Amino acid sequence: MKVDGQHFRTIWLKPNDEAVVQLIDQRFLPHRFVIEEVRTVEQMATAIREMHVRGAGLIGASAGYGMYLATMAVAARPEDVEFDKQLAHAAVQLKATRPTAVNLSWAIERQLRNIAEGKNAKEKVVFALRTARSIADEDAEHCRMIGQHGLELIRQIARKKAGKQVNVLTHCNAGWLAFVDYGSATAPIYAVHDSGLPIHVWVAETRPRNQGSKLTAWELGKHGVQHTIIGDSAAGHLMQHGMVDLVIVGTDRTTHTGDVANKIGTYLKALAAKDNDVPFYVALPSSSFDWKLRDGLKEIPIEERSAEEVKQADGWFEGQQIEIHVAPERSPAANYGFDVTPSHLVTGLITERGVCEANEKSIHALFPEQAS
């Protein structure tokens with residue numbers, strides 16, 4: 001996607017220096033556009049854990065590049081270093097950063113398998129770089145295809161409305177900032193906008209980190225898409241009054257039976273959508289499926305983040321980013337990062353291979369190679 005007319009991915013190798021990974025540091029958006037340089041696996045682990053980068057696809061791509069940086073570091077050490085042991089340590093370090101997003105472990109395991117095929121240190125570095133690039137390129141292409149399949153879905157709604165504006169509601173940020181390019185939930189929105197169809201997006205603010213009001217609104221604005229920021233609790237009201245034609249959200253992990261883990265608050269929007277007969281879609285590349293878990297509510301690990309995220313807020317004041325306290329100092333707070341939306345509340349899944357129902361049979365029909 002473009003920022004002030006210039007195309008950007010969210011993560012890339014520094015031109016003329018393949019020892020440095022560059023990424024958009026999302027902590028400063030929407031107020032400042034900052035590019036961070038990452039040189040070590042430790043720095044990449046911090047970037048993922050502290051949410052310099054976030055979102056399922058981008059977490060996976062960042063982990064892929066993190067394993068590449070680790071491979072380079074091990075290759076530069078004396079030849080008697082236990083290569084595989086050192087890489088396994090890097091893998092553990094990266095996996096511990098964000099437990100809910102399945103793309104994280106998926107990318108790391110893919111790197112470990114491919115790096116192991118290298119016959120020597122130099123070849124292992126080549127394989128690691130090739131794999132990191134492939135993970136990023138595939139993520140961008142899969143999101144582009146999600147956009148095309150979602151475009152057809154929204155066109156059907158537009159025809160029913162006789163060409164009137166289609167109103168989409170989304171939650172959190174499943175945009176290109178959460179992936180390498182295009183995004184998952186936003187890919188159909190961008191495709192519709194670029195096709196000339198009138199579209200408007202209700203952007204839920206997504207407390208406590210406000211990824212909707214900070215990130216989704218920023219990127220939609222940069223692309224010229226009409227949008228309105230709303231408080232998280234306003235979504236049900238809009239649906240009751242016929243102001244939402246469909247909901248599209250992303251996911252950090254979806255079971256192969258159709259249960260969806262996404263940013264906390266997604267479940268409540270799914271309930272409101274069900275009660276008001278509003279279609280509720282989840283957009284995801286296949287890398288966000290967990291092909292092992294069956295019961296999302298019981299089996300998907302839910303990340304618990306710092307209580308300070310709930311008790312504080314940050315914003316832009318007189319040219320600098322500041323944090324303020326918004327809750328009583330002595331009051332405890334709980335900060336669950338995700339919730340699980342059961343498959344029966346999901347109208348359909350939009351993937352790079354097409355749209356399917358949120359159940360095991362339909363998912364495996366799209367991905368037969370994953371069927372047991």
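**Entry 1: Arg-144**

I began with Arg-144, which lies in helix H5; helices (H or I, at least four residues) and strands (E, at least two) are taken as DSSP runs, numbered from the N terminus. I note that the model is predicted, that local features need pLDDT of at least 70 and side-chain atom pairs pLDDT 80 or more, and that totals for chains, interfaces and linings use all residues. Residues are numbered from 1 along each chain as its sequence is written, and side-chain values use heavy atoms, with hydrogens and water left out.

Is Arg-144 buried, partly exposed or exposed? I found a relative accessibility of 31%, so Arg-144 counts as partly exposed; buried means under 20% relative accessible area, exposed over 50%, and partly exposed in between (1.4 Å probe, protein chains only).

**Entry 2: H5 against H6**

I turned to the packing of H5 on helix H6 (residues 186-195), where the angle is about 65 degrees and the axes are 7 Å apart. Axes here are lines fitted to C-alpha atoms, for helices over the stretch in contact, and angles run from 0 to 180 degrees between N-to-C directions. On the H5 side, I listed residues of the contact including Cys-143, Ile-146, Leu-151 and Arg-155; on the H6 side, Ala-187, Pro-188 and Val-192 are among them. Contact means heavy atoms within 4.5 Å. By class, I recorded eight nonpolar residues, four polar and one charged; Ala, Val, Leu, Ile, Met, Phe, Trp, Tyr, Cys and Pro count as nonpolar, Asp, Glu, Lys and Arg as charged, and the others, Gly among them, as polar.

**Entry 3: the sheet E3-E4-E5**

I next examined an open sheet of three strands in the order E3-E4-E5, paired in the antiparallel sense; two strands pair if DSSP finds at least two bridges between them. E3 and strand E5 (34-38) are the edge strands with a single partner each, so one side of each has no neighbour in the sheet. I noted an average twist of 35 degrees from one strand to the next.

Between E3 and E4 I found four bridges. Lys-14 has Asp-17 of E4 as its bridge partner, and Leu-13 stands opposite Val-21 in E4. The hairpin of these strands has two residues between them, and Asn-16 takes a positive phi near 70 degrees there.

**Entry 4: nonpolar cores**

I looked up the largest nonpolar core, which has 38 residues; Ile-11, Val-21, Met-44, Tyr-65, Tyr-68 and Leu-94 have the most contacts inside it. Such a core is a set of buried Ala, Val, Leu, Ile, Met, Phe, Trp, Tyr and Cys residues joined through side-chain atoms within 4.5 Å. Elements giving two or more residues to this core include strand E3 (11-14), strand E4 (17-25), helix H1 (41-49) and helix H5 (121-160). Which element gives the largest share? I found that H2 does, with ten residues.

For Tyr-65, leaving aside neighbours within four places in sequence, I listed contacts with Ile-11, Leu-13, Val-21, Met-44, Ala-132, Arg-133 and Ala-136. Another core, of 35 residues, lies apart from the largest one, with Leu-29, Ile-154, Leu-246 and Ala-283 among its members.

**Entry 5: strands E10, E11 and E16**

Lastly, I traced strand E10 (residues 253-255), which pairs with strand E11 (residues 260-263) in the antiparallel sense over two bridges. Four residues separate them in a hairpin, and Gly-258 in the turn has a positive phi of about 100 degrees. E11 also pairs with strand E16 (residues 338-341), antiparallel and over four bridges; there, Asn-262 has Asp-339 as its bridge partner.
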